[in-house]
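This briefing is intended for reading beside the sequence and the three-dimensional view.

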Amino acid sequence: QVRLVESGGGLVQAGGSLKLSCAASGSIISINTMGWYRQAPGGQRELVASIGGTTNYADSVKGRFTISRDNAKNTLYLQMNSLKPEDTAVYSCQAIILLRGAQYYTTYWGQGTQVTVAS
């Protein structure tokens with residue numbers, strides 16, 4: 001019913017930049033909050049940034065990452081600058097979506113995209 005497809009991951013040198021995208025498709029009536037999460041090898045999944053009524057960032061990415069969304073395209077972005085090796089992780093998008101015919105918003109996840117920052 002709903003697909004969240006991330007793109008834009010890859011390998012970059014420390015100090016470089018990447019821009020992630022997450023496109024939502026399906027019988028979507030409305031999208032509430034959208035966010036980016038990441039999980040490093042051996043680590044727990046953590047919130048990187050979210051955007052809804054307000055915008056929130058993890059302390060570790062403030063000033064370096066910028067989250068944005070294009071509501072007309074149901075697409076979420078994450079501009080990542082000044083990347084560090086510790087930013088290496090699988091980045092996944094999350095969206096809270098109201099589908100056509102549904103009564104409640106439901107949380108959906110993308111499959112994830114790998115970001116690797118080389119030192």
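The side chain of Thr75 reaches the backbone oxygen of Lys73 at 2.9 Å, a polar contact (a pair of N or O atoms within 3.5 Å; within protein, one must be able to donate a hydrogen and the other to accept it, and residues adjacent in sequence count only if both atoms are side-chain atoms). This is a predicted model, in which local features need pLDDT of at least 70 and side-chain atom pairs count only at pLDDT 80 or more, while totals for chains, interfaces and linings use all residues. Residues are numbered from 1 along each chain as its sequence is written, and side-chain values use heavy atoms, with hydrogens and water left out.

- Thr75 belongs to strand S8 (residues 75-80); helices (H or I, at least four residues) and strands (E, at least two) are DSSP runs, numbered from the N terminus.
- Thr75 counts as buried because its relative accessibility is 8%; buried means under 20% relative accessible area, exposed over 50%, and partly exposed in between (1.4 Å probe, protein chains only).
- Apart from neighbours within four places in sequence, Thr75 is in contact with Cys22, Ala23, Ser68, Arg69 and Asp70, where contact means heavy atoms within 4.5 Å.

**The disulfide**

- The structure holds 1 disulfide, defined as a pair of cysteine sulfur atoms within 2.5 Å.
- Cys22 and Cys93 form this link, with an S to S distance of 1.9 Å, and the link is right-handed, with 45 degrees about the S-S bond.
- Cys22 lies in strand S3 (residues 18-26) and Cys93 in strand S9 (residues 89-99), so the pair ties together parts that are 71 residues apart in sequence.
- Both Cys22 and Cys93 are buried.
- In general, a disulfide is a covalent bond between the sulfur atoms of two cysteines.

**The nonpolar core**

- The largest nonpolar core has 30 residues, and Trp36, Leu78, Met80 and Tyr91 have the most contacts inside it; such a core is a set of buried Ala, Val, Leu, Ile, Met, Phe, Trp, Tyr and Cys residues joined through side-chain atoms within 4.5 Å.
- Elements giving two or more residues to this core are strand S1 (2-7), S3, strand S4 (28-39), strand S5 (46-51), strand S7 (65-70), S8, S9 and strand S11 (113-118).
- S9 gives the most to this core, with 6 residues.
- Not counting residues up to four places away in sequence, Met80 touches Gly16, Ser17, Leu18, Leu20, Arg64, Phe65, Tyr91 and Val115.

**Charges over rings**

- Lys19 lies over the face of Tyr77, at 4.8 Å from the ring centre; a charge sits over a ring if NZ of Lys or CZ of Arg is within 6 Å of the ring centre and within 35 degrees of the ring normal.
- Arg45 lies over the face of Trp109, at 3.8 Å from the ring centre.

**Ser92**

- Ser92 is located in strand S9 and counts as buried because its relative accessibility is 11%.
- With residues up to four places away in sequence left out, Ser92 touches Glu6, Gly35, Trp36, Tyr37, Trp109, Gly110, Gln111 and Gly112.

**Gly16**

- Gly16 lies in the loop between strand S2 (10-13) and S3 and, at 18% relative accessibility, counts as buried.
- Beyond its neighbours within four places in sequence, Gly16 is in contact with Met80, Asn81, Ser82 and Leu83.
- Gly16 and Gly26 are 10 residues apart along the chain, and their C-alpha atoms are separated by 34 Å.

**Positive phi values**

- Most residues other than glycine have a negative phi, and most peptide bonds are trans.
- Asn74 is a residue other than glycine with a positive phi, near 50 degrees; Asn74 occupies the loop between S7 and S8 and, at 23% relative accessibility, counts as partly exposed.
- Asn74 and Cys22 are 52 residues apart along the chain, with their C-alpha atoms separated by 8.4 Å.
- Excluding neighbours within four places in sequence, Asn74 is in contact with Cys22, Ala23, Ala24, Ile28 and Ile31.
- Ser82, likewise a residue other than glycine, has a positive phi near 50 degrees; Ser82 is found in the loop between S8 and S9 and is partly exposed, with a relative accessible area of 41%.
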